[in-house]
Amino acid sequence: QVQLVESGGGLVQAGGSLRLSCAAAGTIFGVDLMGWYRQAPGKQRELVAHITSSGTPTYTDSAKGRFTIARDNDQNTVYLQMNNLKPEDTAVYYCNAQIAITSDFRTRDFWGQGTQVTVSS
């Protein structure tokens, strides 16, 4: 059984920073794309950023210039450094990863439990 365990959310004032972490644990044969999504109240879940296994990041417009995604392949961990946070960044942030849990290296989608980020004005 594979789990994604998130940490690092919290309450911060506008202009502040937070760093989210997400570690994949369990029997893992490989990890492909890893990323962060968020869901604000009354809105659909949306992509924030993702990063390939070779370290190539992709950011949505809302994250560009303020957020940085990184990963540690040895630890099967992905990070999201969020700077200059705005009230509109308030949401539950979810980690996502495409993980191979069998020796044929076919990947499946896994999600973290979500971590709340609240930015006050």
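This is a predicted model: local features need pLDDT of at least 70, side-chain atom pairs count only at pLDDT 80 or more; totals for chains, interfaces and linings use all residues.

Residues are numbered from 1 along each chain as its sequence is written, and side-chain values use heavy atoms, with hydrogens and water left out.

**Exercise 1.** Determine how many aromatic pairs there are, and describe the one that involves Phe29.

Solution. Rings of Phe, Tyr and Trp (its six-membered ring) pair if their centres lie within 6.5 Å, and planes under 30 degrees apart count as stacked, over 60 as edge-to-face and the rest as tilted. The count by this rule is 2 aromatic pairs. Phe29 and Phe105 form an edge-to-face pair, with 6.1 Å centre to centre and 85° between the planes. Phe29 lies in the loop between β3 (18-25) and β4 (30-39) and Phe105 in the loop between β9 (91-100) and β10 (107-111), so the pair ties together parts 76 residues apart in sequence.

**Exercise 2.** Characterise the pair of Tyr37 and Trp111.

Solution. The Tyr37 and Trp111 rings are edge-to-face, at 5.0 Å centre to centre and 65° between the planes. This pair links distant parts of the chain, since Tyr37 is in strand β4 and Trp111 in strand β10, 74 residues apart; strands are DSSP runs (E, at least two residues), numbered from the N terminus.

**Exercise 3.** Find which charged end sits over the ring of Trp111.

Solution. A charge sits over a ring if NZ of Lys or CZ of Arg is within 6 Å of the ring centre and within 35 degrees of the ring normal. The charged end of Arg45 sits over the Trp111 ring, 4.7 Å from its centre.

Notes: Helices (H or I, at least four residues) and strands (E, at least two) are DSSP runs, numbered from the N terminus.
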